[in-house]
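Dear colleague,

Please find below the sequence and structure that I am handing over to you. My findings follow directly after them.

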Amino acid sequence: MYYVDPSSHGSDQRTIKEYHFVLSDDRTHDPHWVKEALRAIDAEIRQRTGLDITLVWLWSDGCAGQFKSKNAFLSRAMSEADFGWNVIHNFKASGHGKGEVDGAATLVKSASHIESLRPDGQRFRSAEQWFPWCVQHLSAVKSTPYQSR
């Protein structure tokens, strides 16, 4: 998610970029699940920043068991009524996502995998076990010296 930092003004205005990952044991990721995940993200952003979201970009990788096809189009059509958003929904070929968000997801998965390989590391068997570890180790805001393109 990109937004203008509400505490910055004029020539010092800064754009903030965030990634939001939803952890769940639900393996269907059907439109109902996606809607509830988006509702949770929307509520968290509004509560934390006070910003009203007006435009959302969604990226779907086309996985057969996930959010795509007619249901995705219906959800997109209903997003303004459900959330007050306009939506741009991008669909990629299954398993071929190579965008920035795919790299961010890899970071979460790799960090968790490395933790599970450590001799004294945690072994994650469910989202309930994984979630507290992710919050503790991966939810801090980190800056980078690299500029976005």
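Please bear in mind that the model is a predicted one. Phe-83 has a relative accessible area of 12%; since buried means under 20%, Phe-83 counts as buried. Leaving aside residues up to four places away in sequence, Phe-83 is in contact with Lys-35, Leu-38, Arg-39, Asp-42 and Arg-46. The C-alpha atom of Phe-83 also lies 8.5 Å from that of Ile-53, a residue 30 positions away along the chain.

On the surface there is a nonpolar patch made up of Tyr-19, Phe-21, Leu-55, Trp-57, Trp-59, Ile-88 and Val-101. Together these residues have about 660 Å² of accessible area. Strand S3, residues 55–60, supplies the largest share of the patch, with 3 residues. Val-101, one of the patch residues, is located in helix H3, which spans residues 100–117. The relative accessible area of Val-101 is 32%, so this residue is partly exposed.

Helix H3 also packs against a further helix, H4, which comprises residues 127–138. The two axes come within 11 Å and cross at roughly 110 degrees, which means that H3 is roughly perpendicular to H4. On the H3 side, the residues in contact are Val-108, Ala-111, Ser-112 and Glu-115; their counterparts in H4 are Trp-130, Trp-133, Cys-134 and Leu-138.

Yours sincerely

Definitions and conventions. Residues numbered from 1 in each chain as written. Predicted model: local features only at pLDDT ≥ 70, side-chain atom pairs only at ≥ 80, totals over all residues. Heavy atoms only, no water. Patch = residues over 30% accessible without salt bridge, like charges linked within 9 Å, V, L, I, M, F, W, Y side chains within 5 Å. Areas by Shrake-Rupley, 256 points an atom, 1.4 Å probe, with all protein chains shown as cover. Salt bridge = Lys/Arg side-chain N within 4 Å of Asp/Glu carboxyl O. Helix = DSSP H or I, 4+ residues; strand = E, 2+ residues; numbered from the N terminus. Buried < 20%, exposed > 50% of the residue type's maximum accessible area, 1.4 Å probe, protein only. Axes fitted to C-alpha atoms, helices over the stretch in contact; angles between N-to-C directions. Parallel < 35°, antiparallel > 145°, perpendicular 65-115°, else oblique. Contact = heavy atoms within 4.5 Å.
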